[in-house]
Amino acid sequence: MYREIEHKADVAYEIIASSVEEVFRDIVSIIKDNTHYLVEESSEHNKNLHNKLEKCYNIINDDTGEYDDNKLFDAVNDMISLVDRGYYPFETDGCCVRYYKSKIYTELKALTYYNLKIETKDNQIHIRMVFDV
């Protein structure tokens, strides 16, 4: 579950999830909420598109086994970079995101380190993130 939270200059969100997979679904939903088509495309066009891409991400520190702010930062900014290059994130599978090439733009410029926090409380993952717009 995610929700937009108040921020004076940029866009901020809070995610509360029961799994890493849910975190990625919510992050992709946030990116999709802030992404727009430049040209109306049919869903049939999207299904038959040959220019698809899949990327898998890891936000867990290999040494400690804990969630890692730096890995989260890198993963989200990689997703935004792909959207900037015209790859629309159309679905998630675990920690992998599938993209297809499209004529789109996003209002999100980058995830910032400002107030970036990932922690576990009551067996749930809590994330706060601020995006430059």
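A residue is called buried when its relative accessible area is under 20%, exposed when this is over 50%, and partly exposed in between (1.4 Å probe, protein chains only). By this rule Ile16 is buried, because its relative accessible area is 19%. The structure is a predicted model, in which local features need pLDDT of at least 70 and side-chain atom pairs count only at pLDDT 80 or more, whereas totals for chains, interfaces and linings use all residues. Residues are numbered from 1 along each chain as its sequence is written, and side-chain values use heavy atoms, with hydrogens and water left out.

Ile16 is located in strand 2; strands (E, at least two residues) and helices (H or I, at least four) are DSSP runs numbered from the N terminus. Apart from neighbours within four places in sequence, Ile16 is in contact (heavy atoms within 4.5 Å) with Met1, Glu22, Asp26, Gln124, Ile125 and His126.

A nonpolar core is a set of buried Ala, Val, Leu, Ile, Met, Phe, Trp, Tyr and Cys residues joined through side-chain atoms within 4.5 Å. The largest such core has 35 residues, and those with the most contacts inside it are Ile27, Leu72, Met79, Met129 and Phe131. Two or more residues each come from strand 2 (11-17), helix 1 (20-33), helix 3 (69-84), strand 5 (87-93), strand 6 (96-101) and strand 10 (124-132). Helix 3 gives the most, with 8 residues. Leu72 touches Ile27, Ile59, Leu111, Leu116, Ile118, Ile127 and Met129, with residues up to four places away in sequence not counted.

Asp68 lies in the loop between strand 4 (52-56) and helix 3. Asp68 is buried but has no salt bridge, and the nearest side chain of opposite charge, Lys71, is 5.8 Å away. For such pairs, Lys and Arg count as positive and Asp and Glu as negative, while His and the chain ends are not counted. A salt bridge requires a side-chain nitrogen of Lys or Arg within 4 Å of a carboxyl oxygen of Asp or Glu. The side chain of Asp68 does make a polar contact of 3.3 Å with that of Asn61. A polar contact is a pair of N or O atoms within 3.5 Å; within protein, one must be able to donate a hydrogen and the other to accept it, and residues adjacent in sequence count only if both atoms are side-chain atoms. A polar atom of the Asp68 side chain also lies 2.8 Å from the backbone nitrogen of Asn70.

The count of salt bridges comes to 8. In one of them, the closest N and O atoms of Glu14 and Arg128 are 3.8 Å apart. Glu14 lies in strand 2 and Arg128 in strand 10, so this pair ties together parts that are 114 residues apart in sequence. Glu14 is buried, at 15% relative accessibility, whereas Arg128 is partly exposed, at 36%. Lys71 forms a salt bridge with Asp62, at 3.6 Å between the closest N and O atoms.

The count of disulfides (cysteine sulfur atoms within 2.5 Å) comes to 1. This disulfide is formed by Cys56 and Cys96, with sulfur atoms 1.9 Å apart. Cys56 is in strand 4 and Cys96 in strand 6, 40 residues apart. The torsion about the S-S bond is about 100°, so the disulfide is right-handed. Cys56 is partly exposed at 49% relative accessibility, while Cys96 is buried at 16%. Cys95 is in no disulfide, and the nearest cysteine sulfur, that of Cys96, is 6.9 Å away.
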